Amino acid sequence: MLKKIPVEKLTLGMHLQAFCGAWLDHPFWRTKFVLTDPNDLLLIAESPIKEVWIDISKGGDVDTAAGEIMTEVVSAADIPPEQPVVQEKASFTDEVKRATKIVAKGKEAVVSMFQEARMGKAIEAEAAAPLVEEISNSVMRNPGALISLARLKTADDYTFMHSVAVCALMIALARQLDLDEQQVREAGMAGLLHDLGKAMIPLEVLNKPGKLTDEEFALVKTHPEEGHKLLLEGSGVSEVTKDVCLHHHEKIDGSGYPKGLNGETMSLFAKMGAVCDVYDAVTSNRPYKAGWDPAESIKRMAEWTGHFDPMVFQAFVKSLGIYPIGSLVKLASGKLGVVIEQGEQSLLKPKVKIFFSTKSQAYIKPEVIDLARSPEKIAGREDAAKWGIKDVDHYWAGDKG
């Protein structure tokens, strides 16, 4: 049975069922556990959370001897669900601040799930549902912010951040395909858990800086089936999540793995997973190579025959833009700039922050140009290395805070 109590009444041995408040204010990414660590009590006390639900059938109760707490005791089914808040559109700059927190907490959640999988604990998909909800809401407020931030990852945290990125990409793509909100959430959860099988691959192989041997590559290729096994043993895992985990490396020409499915036998969600997984992989810095420019990635992926479903890929490009955020472009005037936000009317007219002149081969004072309201236009993609430009991402991400 559940009781709602003020946080100052929490003691070790109580079973924490739920927090009362916004997920981003919670000190932990999940609930439903017995409090055993004094540090956890401290974290809760220091958070903005004022009340929590405890389950007295699974842990300690409050001391009611003094008669100071008169709390109604209810069953889990009686807790009113939090009402969904209508997501207002947000500017890229505003959303980046929120998205930075979501991405950090999302990485923490994925790290924890991977550790639990390695220790043989069953996966509980419902524990990650609030994270998927937060990512979904962020993408609704401004799709570019979280998707772009999640691309910025170090080689060391690639595996975990990749899961957060693919979750966000799947949500944006699902909305572009006009799937209903339940399917949008399922697509997001599938993205979050699609690489869970990598928890079973030795870290020295996953993070190897050089080329994998044939044996190592064969080992990495077992991750879809290993992940599928873990999900079968878990609780609350949808068929969509299991399907995407097992089949995100399939190709429509039948040359993928592990089952050699093709365009006829792959599900829509597996086709979505295939596109989102590859895009985030090729645009991210890895132990063995630097990530490709986002616009260059879209161009190259479009040229791969037999890999992606054309209808799904087209929707994916619409969801991100032909020149995704972070793309380095050259304008007709010869100035170089980085795409910082998509245009509302046209995929060809994003907002660009210019910072370099190819004519004088020198940096210029950064300035934002909205191509929808300017005679300037994009002449093409540009290679940063050609001009000796090092940190392109700095120009759109800034300090991210």
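Predicted model: local features only at pLDDT ≥ 70, side-chain atom pairs only at ≥ 80, totals over all residues.
Student: Which residue has a side chain joined to that of R151 by a polar contact?

Tutor: Leaving aside residues up to four places away in sequence, R151 touches a set of residues that includes D280, T283, S284, P294, I325, G326 and W396. D393 is also one of the residues that R151 touches. A polar contact of 3.0 Å joins the side chain of R151 to that of D393.

Student: How many of the 9 residues of α4 are buried?

Tutor: The buried residues in α4 are G144, A145, L146, I147, S148, L149, A150 and R151. Helix α4 is largely enclosed by the rest of the structure, because the number of its 9 residues that are buried is 8.

Student: What distance separates the C-alpha atoms of V164 and A150?

Tutor: V164 lies in helix α5, residues 158–176, whereas A150 is among the buried residues of α4. V164 counts as buried because its relative accessibility is 0%, and, not counting residues up to four places away in sequence, V164 touches G106, K107, V110, I135 and L192. Although V164 and A150 are 14 residues apart along the chain, the separation of their C-alpha atoms is 6.7 Å.

Student: Which helices do the buried residues of α10 pack against?

Tutor: Helix α10 is mostly covered, with 7 of its 9 residues buried. Those buried residues are V240, T241, K242, V244, C245, L246 and H247. The helices that they pack against are α5, α6, α9 and α11.

Student: At roughly what angle do the axes of α10 and α11 cross?

Tutor: At this crossing V240, D243, V244 and H247 in α10 meet F269, A270 and G273 in α11. Helix α10 passes α11 in a right-handed crossing, and α10 and α11 are therefore oblique to each other. Their axes come within 9 Å, and the crossing angle is roughly 50°.

Student: How far apart in space are G234 and L24, C-alpha to C-alpha?

Tutor: G234 is placed in the loop between α9 and α10, and it counts as partly exposed because its relative accessibility is 21%. Not counting residues up to four places away in sequence, G234 touches A122 and I123. G234 and L24 are 210 residues apart in sequence, and their C-alpha to C-alpha distance in space is 25 Å.

Student: Which strands are the edge strands of the open sheet of 5 strands?

Tutor: The order of this open sheet is β9-β8-β7-β6-β10, with antiparallel pairing. An edge strand here pairs on one side only, and this holds for β9 (362–370) and β10 (378–381). Neighbouring strands of the sheet are turned by 30° against each other on average, direction ignored. The edge strands are thus β9 and β10.

Student: What is the bridge partner of V352 in β9?

Tutor: Strand β8 (residues 351–357) runs antiparallel to β9, and 6 bridges join β8 to β9. Within this pairing, the residue of β9 that partners V352 is I369.

Student: Which residue in β4 stands opposite C20?

Tutor: Strand β2 (residues 15–20) pairs in the antiparallel sense with β3 (residues 33–34) over 2 bridges, and in that pairing H15 stands opposite V34. Strand β2 also pairs in the antiparallel sense with β4 (residues 51–55), over 4 bridges. In β4, the residue opposite C20 is E51.

Methods. Residues numbered from 1 in each chain as written. Heavy atoms only, no water. Polar contact = N/O pair within 3.5 Å; in protein donor to acceptor, adjacent residues only side chain to side chain. Contact = heavy atoms within 4.5 Å. Pairing = 2+ DSSP bridges. Buried < 20%, exposed > 50% of the residue type's maximum accessible area, 1.4 Å probe, protein only. Axes fitted to C-alpha atoms, helices over the stretch in contact; angles between N-to-C directions. Parallel < 35°, antiparallel > 145°, perpendicular 65-115°, else oblique. Left-handed = near helix turned anticlockwise from the far one by under 90°.
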